[in-house]
Amino acid sequence: QVQILESGGTMVQPGGSLRLSCRASGFASSSYAMSWYRQAPGKERELVATIFPDGTSTNYIDSVKGRFTISRDNDKNTVYLQMSSLKLEDTAVYYCVARSRGLWGHGTQVTVSS
């Protein structure tokens, strides 16, 4: 069956770093633009970052530019989100999606707290 599984979310102190993983099963994620979204309590879901099938072209929301990096390893069928200099406002459930396929994972919780 086709599915996406996010992992790596945890509690981290402000200024800390964390890497999220998005593993695809049952399909080749390399064929799709892949995105990370996040949803904080009481807020709308927002697009955080996208990586395109060329593996190089990327987009980021302004608030994470310079701090987050999206990448992909096609041999592992996995997309990553490397997060650094984390802020309280980065606290959210982070979701991974294969865009044109419309396939979403169930999310992984990131909590930035001192």
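A residue is called buried when its relative accessible area is under 20%, exposed when it is over 50%, and partly exposed in between, as computed with a 1.4 Å probe on protein chains only. At 61% relative accessibility, D62 therefore counts as exposed. The structure is a predicted model, in which local features need pLDDT of at least 70, side-chain atom pairs count only at pLDDT 80 or more, and totals for chains, interfaces and linings use all residues. Residues are numbered from 1 along each chain as its sequence is written, and side-chain values use heavy atoms, with hydrogens and water left out.

Strands are DSSP runs of E with at least two residues, helices are runs of H or I with at least four, and both are numbered from the N terminus. Two strands are said to pair if DSSP finds at least two bridges between them. On this basis β4 pairs with strand β5 (residues 46–51) in the antiparallel sense, over 5 bridges. Within this pairing, Y37 stands opposite L47 of β5. The two strands form a hairpin with 6 residues between them, and G42 in the turn has a positive phi of about 75°. Strand β4 is also joined to strand β9 (residues 92–98) by 6 bridges, and these two strands run antiparallel. Here R38 has Y94 in β9 as its bridge partner. In a regular strand the side chains alternate between the two faces of the sheet.

A disulfide is a covalent bond between the sulfur atoms of two cysteines. For the search, a disulfide is a pair of cysteine sulfur atoms within 2.5 Å. The whole structure contains 1 disulfide by this search. The disulfide joins C22 to C96, with an S to S distance of 2.0 Å. C22 lies in strand β3 (residues 18–25) and C96 in strand β9, so the pair ties together parts that are 74 residues apart in sequence. The torsion about the S-S bond of C22 and C96 is about -75°, and the disulfide is therefore left-handed. Both C22 and C96 are buried.

The next topic is charge. Side chains of opposite charge can pair when their charged atoms come close. A salt bridge is defined as a side-chain nitrogen of Lys or Arg within 4 Å of a carboxyl oxygen of Asp or Glu. A search of the whole structure finds 4 salt bridges. In one of them, D90 pairs with R38, and the closest N and O atoms are 3.0 Å apart. This pair links distant parts of the chain, since D90 is in the loop between β8 (78–83) and β9 while R38 is in strand β4, 52 residues apart. D90 forms a salt bridge with R67 as well, with the closest N and O atoms 2.8 Å apart. R67 lies in the loop between β6 (58–60) and β7 (68–73), so its pairing with D90 ties together parts that are 23 residues apart in sequence. D90 counts as buried because its relative accessibility is 0%, and R67 counts as buried at 11%. Salt bridges that share partners join R38, E46, R67 and D90 into one network. A further salt bridge connects K65 and D62, with the closest N and O atoms 3.0 Å apart. In this pair K65 is partly exposed, with a relative accessible area of 48%.

Two residues draw attention through their backbone angles. Most residues other than glycine have a negative phi, and most peptide bonds are trans. N77, however, has a positive phi near 55°. N77 is found in the loop between β7 and β8, and with a relative accessible area of 17% it is buried. S85 has a positive phi as well, near 50°. S85 lies in the loop between β8 and β9, and at 41% relative accessibility S85 counts as partly exposed.
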